[in-house]
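Visitor: I'm new to this one and would like to go through it with you piece by piece. Could we start with one of the helices?

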Amino acid sequence: MAQRFELHPTHPQPRLLRQAVQMLQAGGVLAVPTDSSYALACHLDDKAAAERLRRIRGVDERHHLTLLCRDLSELAVYARVDNRQYRLLKAATPGPYTFILEATKEVPRRVSHPARKTIGLRVPEHPVPLALLAAHDAPLLATTLILPGQTEPLNDPEDIRARLQHELAAVLDAGACPAEPTTVVDLTPMGRGDEPVVVRQGRGALQRLGLG
């Protein structure tokens, strides 16, 4: 049975965050609120947890998973970023965007795209995941909480717990999220001198990226 941690949406309780981190370190998958929608998150280096996360989401290894990072300095460890890409990232983070970038060797091969060697990266603008990342002291592997066969993300913490009570270690309940997935932008063409490609229009405004 998934536990429910009732967290303050702007000042999450450190004691509960520490418990959530212990679950991550033990291989648990958590439902975490973000500035776009609830997401599934697990420890980056736990193969079994990553496989469980993909199974809940109903996706295979060709689906881009995302690294949730605290800031751009952390992001740079896991992705190769040139000056043009960095300026765009700086303009859009933190925020409801996922950026596809070329993965560095720090990213486990099993979580990067098998053909392209790319990874999705994201810096959320929500106090709860940022506090969780700080307590965990490392990025988390994540994906939008959309169930197989559905098109919209789950947004009600009680509904998430009821549906996934045997799949999740815990639901971090900080209330409802906007219930709109991130805007996904592929920045890898910029490395060849081309323009970024919008993969999915979501909550993040394209105008903020100079693409609207």
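Guide: In this predicted model, the buried residues of helix H4 pack against helix H3 (72-78), strand E5 (79-80) and strand E6 (97-103).

Visitor: Which are the buried residues of H4?

Guide: Helix H4 covers residues 83-92, and its buried residues are Gln 85, Leu 88, Leu 89 and Ala 92. Seen down the axis of H4, these buried residues fall within an arc of 100°, so they line one face of the helix.

Visitor: And what does the face turned away from the buried side carry?

Guide: That face of H4 carries the exposed residues Asn 83, Arg 87 and Lys 90.

Visitor: OK, on to H5. Which residues are buried there?

Guide: Helix H5 runs over residues 127-136, and its buried residues are Val 128, Pro 129, Leu 132, Leu 133 and His 136. They cover an arc of only 130° around the axis, which puts them on the same side of H5.

Visitor: What covers them?

Guide: The cover over the buried residues of H5 includes helix H1 (14-25) along with several strands, namely E2 (30-32), E3 (39-43), E4 (66-68), E8 (140-144) and E9 (170-173). Just after H5, Asp 137 takes a positive phi of about 60°.

Visitor: You mentioned E8. Where does Thr 144 lie, and what does it touch?

Guide: Thr 144 lies in strand E8, and it is buried, with a relative accessible area of 14%. Leaving aside residues up to four places away in sequence, Thr 144 touches Ser 37, Tyr 38, Ala 39, Arg 57, Pro 153, Pro 181 and Arg 200.

Visitor: And H1, what about Gln 19? Buried or partly exposed?

Guide: Gln 19, which is found in helix H1, counts as partly exposed at 28% relative accessibility. Gln 19 and Ala 170 are 151 residues apart in sequence, yet their C-alpha atoms are 9.8 Å apart in space.

Visitor: New topic: how many disulfides does the structure hold?

Guide: The structure holds zero disulfides. Cys 69 is in no disulfide, and the nearest cysteine sulfur to it, that of Cys 42, is 14 Å away, while a disulfide would need the two sulfur atoms within 2.5 Å. Cys 177 is in no disulfide either, with the nearest cysteine sulfur, again that of Cys 42, 18 Å away.

Visitor: Are those two cysteines buried or exposed?

Guide: Cys 69 counts as buried at 0% relative accessibility, and Cys 177 counts as buried at 9%.

Visitor: Now the whole chain. How many helices and strands?

Guide: The secondary structure of the protein chain comes to six helices and eleven strands. The radius of gyration of the chain is 16 Å, close to the 17 Å that the globule rule gives for 212 residues, so the chain is as compact as a globular protein of that length. Its C-alpha atoms fill a box of roughly 50 × 35 × 30 Å, taken along the principal axes.

Visitor: And how much of the chain counts as buried?

Guide: Of the 212 residues of the protein chain, 54% count as buried. Among contacts with a separation of 6 or more, residues 24 or more positions apart account for 67%.

Visitor: Last one: what does UniProt list for residues 14-204?

Guide: An unreviewed UniProt entry lists "domain: YrdC-like" for residues 14-204. Over that stretch the chain is 30% helix and 22% strand, and the end C-alpha atoms are 29 Å apart.

Key
Residues numbered from 1 in each chain as written. Predicted model: local features only at pLDDT ≥ 70, side-chain atom pairs only at ≥ 80, totals over all residues. Heavy atoms only, no water. Buried < 20%, exposed > 50% of the residue type's maximum accessible area, 1.4 Å probe, protein only. Helix = DSSP H or I, 4+ residues; strand = E, 2+ residues; numbered from the N terminus. Arc of directions from axis to C-beta. Contact = heavy atoms within 4.5 Å. UniProt positions renumbered as here; feature names shortened; annotations may be inferred. Rg over C-alpha atoms; globule rule 2.2 N^0.38 Å.
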